[in-house]
Amino acid sequence: MGEYSKDQKDLIEGVLKPFNRLLLFLGAIVLVVLIYTINPDFLKFLDSEDKGEITELKEVIDADDLIENGIHISSGLIVDEGYELVVNTCGSCHSFKLVTQNKGNKEDWRDIIHWMQKTQKLWDLGPTEDPIVIYLAKNYGPTQESRRSNLTNIQWYELE
C-alpha cells in the first residue's frame, strides 16, 4: 500500500476526530456507571438540599497548593479573598498566566468574562461573577505604567 495524499490524510483525520471524541465521551459514561455500581453514594451530592445554591468553595491544600509570600504556588495568583473562586473557575479552562499577565478594572474584567461566555463557551458564573471580578480588579488592576519607558540616547547602526 502506498503513501496517502494530503487530501486523503485530511479526510481520514476529519472522520476520526469526531469519532475519537465520541469514544472519549462514551468512555466517561462507562467510567461513571462503573464507579456508581461500586459505590452507589458516588452521585449522592446531586440530591443535596442546597442544590442550585452556591456554597463556599473550600481550598483543598496538598503539596502542590502551598502558599509562599502571599502567592498561591501552583497557580501564581495573589492570595486574597476570592482567589479560591478564581483557582477553581478560571483554572479549569486555561493557564493562570492568562490571568496574571492581564490588568483591568472591574469593567475590563467583566468584559473579558462576558467575551469568554460569548466566544469561548464559558458558563454563566451566576453569583460567583461579582466576587471573581472584585478579586481580579483588586489584585490585577490597571497600573500607571504597563510598558517599559521609551528608549533614549540610542546610537543606531546599519545592519549588513
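**Ground rules.** I number residues from 1 along each chain as its sequence is written. The model is predicted, so I take local features at pLDDT of at least 70 and side-chain atom pairs at 80 or more, while totals for chains, interfaces and linings use all residues, and side-chain values use heavy atoms without hydrogens or water.

**Helix pair.** I looked up α2 (residues 83–90) and α5 (residues 129–139), which pack at about 105° with axes 9 Å apart. That angle makes α2 roughly perpendicular to α5 (65 to 115 degrees). Axes are lines fitted to C-alpha atoms over the stretch in contact, and angles run from 0 to 180 degrees between N-to-C directions. Helices are DSSP runs of H or I, at least four residues, numbered from the N terminus. Y83, L85, V86 and T89 of α2 meet P131, I132, Y135 and L136 of α5 (contact: heavy atoms within 4.5 Å).

**Q101.** I found Q101 in the loop between α3 (97–100) and α4 (106–119). Q101 counts as exposed because its relative accessibility is 56% (exposed: over 50%, 1.4 Å probe, protein chains only).

**Largest pocket.** I noted a volume of about 340 Å³ for the largest pocket (an open set of points on a 1 Å grid, with protein on both sides within 12 Å along at least five of seven lines; lining residues have an atom within 4 Å of a point). The volume is the space filled by probe spheres set on the points. Of 18 lining residues, C90, H94, I112, M116 and L122 are closest to the centre. α4 gives the most to the lining, five residues.

Notes. Helix = DSSP H or I, 4+ residues; strand = E, 2+ residues; numbered from the N terminus. Parallel < 35°, antiparallel > 145°, perpendicular 65-115°, else oblique. Buried < 20%, exposed > 50% of the residue type's maximum accessible area, 1.4 Å probe, protein only. 1 Å grid on protein atoms, 1.4 Å probe; cavity = no way out; pocket = protein on both sides within 12 Å on 5 of 7 lines; lining within 4 Å.
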